[in-house]
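Subject: A structure for you to look at

Hi there,

Here is the structure I promised to pass on to you. Please open it alongside this email, and take your time turning it around before you read on.

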Amino acid sequence: MNDWFRIPSDLQNSYFGLIGLHLREAVIPVLVGLVIALPIAQLCVRLRWLYPPVLWVTTVLYAIPSLAFFVVLIDYTGQTETTVMIPLGVYSLVVFVPAIVDGVRSVPQETLDAATAMGLGPVRRYLQVQLPIAVPAIIAGLRVATVSSISLVSVGMLIGNQGALGNLLNDGQVYHQPRLIWLSVITTAVLAIAVDAVLVAVRLLLTPWMPRGTRKARPAPAEPATEDAAR
Amino acid sequence: MNVLHYINLFFSDNTHWHGYDGIPTRLREHVQYSLIALAVAAAIGLPIGLLTGHTGRGGNTLSLIATAARALPSFGLLVLMFVLIGFGLVPVMIPLVVLAVPPILVTTYEAMRSVDPSPVDAARGMGMNETNILFQVELPVALPLILSGLRSAAIQIVSTATIAAYVSLGGLGRYIIDGLYQRNYEKVVGGATLVAGMALVTLALFWGIARLAVSPGVRRSN
């Protein structure tokens, strides 16, 4: 049974070490993307004319295949983790901006008026009213971005073995061990599903006012038109 | 500047425009793979999506499929199929189709579900049969969203077909993979430019199709 999880020594990592590396390469860009997306989205909510061009730019950026993105960056950041993480951050940005804009815009005008009447300034109104109400939309974006990011890290294998669990794919071929390839695919998929489940739990914790039985309530609002799980 | 320099070198080299490894050949291969994969995926995803969306059943199953498909690492799947089946077009087409079906299927379902029910009821009241309702009322209204699903699928196919060069496939990805192995950065960047360009052309193509195919009334209401 333990043989199943043995990792070739050239990867200089244990099975769990690879999982940790994979998570780090996938999650950090998404979080950075979220932090950058918040102000951009707020700007788009404020200045309506800005949103269509921003949406256009993000759609175009999202269409660029990951491998093309990686290799162009090699010239600047070398064959390193950073090269893998920058495109992932950009892709997640692209998922977040529309998700947050739609989420913040979905806050009813009466709610905003009530907040203003209670004496909340624009900053507190944003932090205490708009952002919490937008949480379900943001988490929906977070789920898409994180899961696709986890899947994409594997492609980093092609640029100097920077793919964490994806590196097993190459080793499996080089050493003629299909076991390693199965291990990589299954672990990556399970990791993605587990992280997805954690995010759903986070949403439930953050939005105690939402009905629990999401199954019976209307099917989750159509996720932003970003189905490109893996590219 | 640096990257632009490499791009210029790659495209101005005359040998890159001829023969087996020439840009026209690789471009044709890439387009061919993408079209086959998209056609197969659409042939699977569209009918099922239209039917489930029309009847409104199976939404939960579909969202489950979508989550599972999103979790599947495309690159891993590609290598796995290659190892299991071996050389050739089939092991590459399987993951491409598997990855493209869910966006088509789910978006089509969502598009059909989001059609305003009142015109559908009106059509039924006027005595239209279900097939006519599906094709003459629901489909035209749902078309913009359905096309966006097809667009996601197409872009995903173009990207993954690039990665597929790693497992023996031709296409534009060859330049990137071979260039990396040969430490020929000029080739790598040239390939990347071509692939990015192709993705953008795909975007533009779908934009054009939407302009042509979506009825003006639907476009105005959006």
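Below is what was found in it, starting with the place where the chains meet.

One thing to keep in mind throughout: this is a predicted model.

**Where chain A meets chain B**

Let's begin with the contacts. On one side there are 43 residues of chain A, and they are in contact with 45 residues of chain B. Together the two chains bury an area of about 3,900 Å², and carbon and sulfur atoms give 71% of that area.

Which elements of chain A give two or more residues to the side that touches chain B? They are α2 (51-63), α3 (66-77), α6 (122-153), α7 (167-174) and α8 (178-206) of chain A. The largest share comes from α8(A), with nine residues.

How many salt bridges does the rule find across the interface of chain A and chain B? The answer is zero. Polar contacts do occur, though: the count is five residue pairs between chain A and chain B, with both residues at pLDDT 80 or more.

**A closer look at one residue of chain A**

Next, please find Val107(A). This residue sits in the loop that runs between α4 (81-105) and α5 (109-117) of chain A. Is Val107(A) buried or exposed? Its relative accessible area is 6%, and the cut-off for buried is under 20%, so Val107(A) counts as buried.

Leaving aside residues up to four places away in sequence, Val107(A) touches Leu112(A), Gln130(A) and Ile133(A).

**What the UniProt record says about chain B**

The unreviewed UniProt entry places "domain: ABC transmembrane type-1" at residues 27-206 of chain B. In the model, that span is 84% helix and 0% strand, and its end C-alpha atoms lie 19 Å apart.

The unreviewed entry also places the feature "transmembrane region" at residues 33-54, 75-101, 153-176 and 188-210 of chain B. Residues 75-101 of chain B are 85% helix and 0% strand, with end C-alpha atoms 16 Å apart. Residues 188-210 of chain B are 100% helix and 0% strand, and there the end C-alpha atoms lie 33 Å apart.

Enjoy exploring, and write back with any questions!

Best wishes

Technical notes. Residues numbered from 1 in each chain as written. Chains lettered and ligands numbered in written order. Predicted model: local features only at pLDDT ≥ 70, side-chain atom pairs only at ≥ 80, totals over all residues. Heavy atoms only, no water. UniProt positions renumbered as here; feature names shortened; annotations may be inferred. Helix = DSSP H or I, 4+ residues; strand = E, 2+ residues; numbered from the N terminus. Contact = heavy atoms within 4.5 Å. Buried area = accessible area lost by both parts, 1.4 Å probe. Salt bridge = Lys/Arg side-chain N within 4 Å of Asp/Glu carboxyl O. Polar contact = N/O pair within 3.5 Å; in protein donor to acceptor, adjacent residues only side chain to side chain. Buried < 20%, exposed > 50% of the residue type's maximum accessible area, 1.4 Å probe, protein only.
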